[in-house]
Amino acid sequence: MNLIQIYKQFPTHEACINHLEKVRWDNKPKCPYCKSDRNTPLKEKQKRYHCNNCNTSFSVTVDTIFHNTKLDLQKWFLALTLILNAKKGISSRQLARDIETRPNTAWRMQMQVRKAMIEQGDLLEGIIEADETFVGGKEKNKHKNKRTPNNQGRSNKTKQPVIGAIQRDGKVVARKAKGTDGRTLKSFLNTNVKKGSTIMTDEWQAYRGLSKNFEHYVIKHNAGEYVNGDIYTNSIENFWSLLKRGITGQYHWLSSKYLGKYIDEFCFRHNHRNNEKVFDLVLLKSVNLRSNYE
Ligand SMILES: [Zn+2]
């Protein structure tokens, strides 16, 4: 759904609460503390319930990423839509301008939303492209004491390795990694790709031995070869370039500390690009996550 649709469908904080109650409880409130469904609506406070079993009171935002937020839930719904629709990601500065909050608030919201975008997917199967890349800031943009001596951008000293695999016309899995050696890459592929699948890679030596568990084809980039019939790694390379462009625009891109979260966000967006119910999916996944707003 686009921004206007969300804005029209959920014009108030109450409308957002009602929708969250529907998605989370199917409109039958259940105590998040003791799981009892015996409760009484509180008269003095709208949309709060008294649990008749454990005597606490609760609302639908308890134990979600919206728990204890001071912001109107409508801002969260709009932020969620902007994040889901931003193919190249959205910087916290831009998000702050769009929903009229402070940049730090927008950044904290993004970090919360990303928690609900972590995928626990099925194994990739069929034709898979695997690749590795390096991401990281330019040396000249760093504080002096954080610069690496003799690093003019070619060295990978300050860059963070990222490894990934994409199923053609399917899902992508990517992780920040300690290195791009054979052990790391093969363990990643053995964990995330169904045995017997076809894997396309470039000629990086670390992929040698993949044919033990997979059908392995190599595209020889060093020989100037980029497409050889069905053998190519363009899909994963396109994903990398989207991820890198997204990261470049991030205000809070200071270290590799948050890299894993950015990768989660980009994978989730790719994997649910044709899912019409992705908005409700994120709401549902936001349940049982601890909030930073306590
Ligand atoms: Zn209870």
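Leaving aside neighbours within four places in sequence, Gly 121 touches Lys 171, Val 173 and Asn 271, where a contact means that two C-beta atoms, placed from the backbone, lie within 7 Å. This is a predicted model, in which local features need pLDDT of at least 70, side-chain atom pairs count only at pLDDT 80 or more, and totals for chains, interfaces and linings use all residues. Residues are numbered from 1 along each chain as its sequence is written.

**The chain as a whole**
- The protein chain has nine helices and eight strands; these are DSSP runs numbered from the N terminus, with helices being H or I of at least four residues and strands being E of at least two.
- Of the 294 residues in the protein chain, 31% are buried. A residue is buried if 20 or more other C-beta atoms lie within 10 Å of its own, exposed if 12 or fewer, and partly exposed in between, with C-beta atoms placed from the backbone.
- Among contacts in the protein chain with a separation of 6 or more, 59% join residues 24 or more positions apart.

**Gly 121**
- Gly 121 sits in the loop between α5 (103-115) and β4 (127-135).
- Gly 121 counts as partly exposed because it has 13 C-beta neighbours inside 10 Å.
- From C-alpha to C-alpha, Gly 121 and Asn 271 are 9.6 Å apart in space, although 150 residues separate them in sequence.

**Helices α4 and α5**
- The axes of α4 (residues 92-99) and α5 come within 8 Å and cross at roughly 105°. Axes are lines fitted to C-alpha atoms, for helices over the stretch in contact, and angles between N-to-C directions run from 0 to 180 degrees.
- α4 and α5 are therefore roughly perpendicular to each other, a label for angles of 65 to 115 degrees; under 35 is roughly parallel, over 145 roughly antiparallel, and the rest oblique.
- On the α4 side, Ser 92, Arg 93, Leu 95, Ala 96 and Ile 99 meet Pro 103, Thr 105, Ala 106, Trp 107 and Gln 110 of α5.

**Helix α2**
- Helix α2 (residues 13-25) has 13 residues and spans 18 Å from its first C-alpha to its last, close to the 18 Å expected at 1.5 Å a residue; the expected span is 1.5 Å times one less than the number of residues.
- Cys 16, Leu 20 and Arg 24 are the buried residues of α2.
- Seen down the axis of α2, these buried residues fall within an arc of 60°, so they line one face of the helix; the arc is that of the directions from the helix axis to the C-beta atoms.
- The buried residues of α2 pack against α3 (73-85) and α9 (278-285).
- Asp 26 follows α2 and has a positive phi, near 55°.
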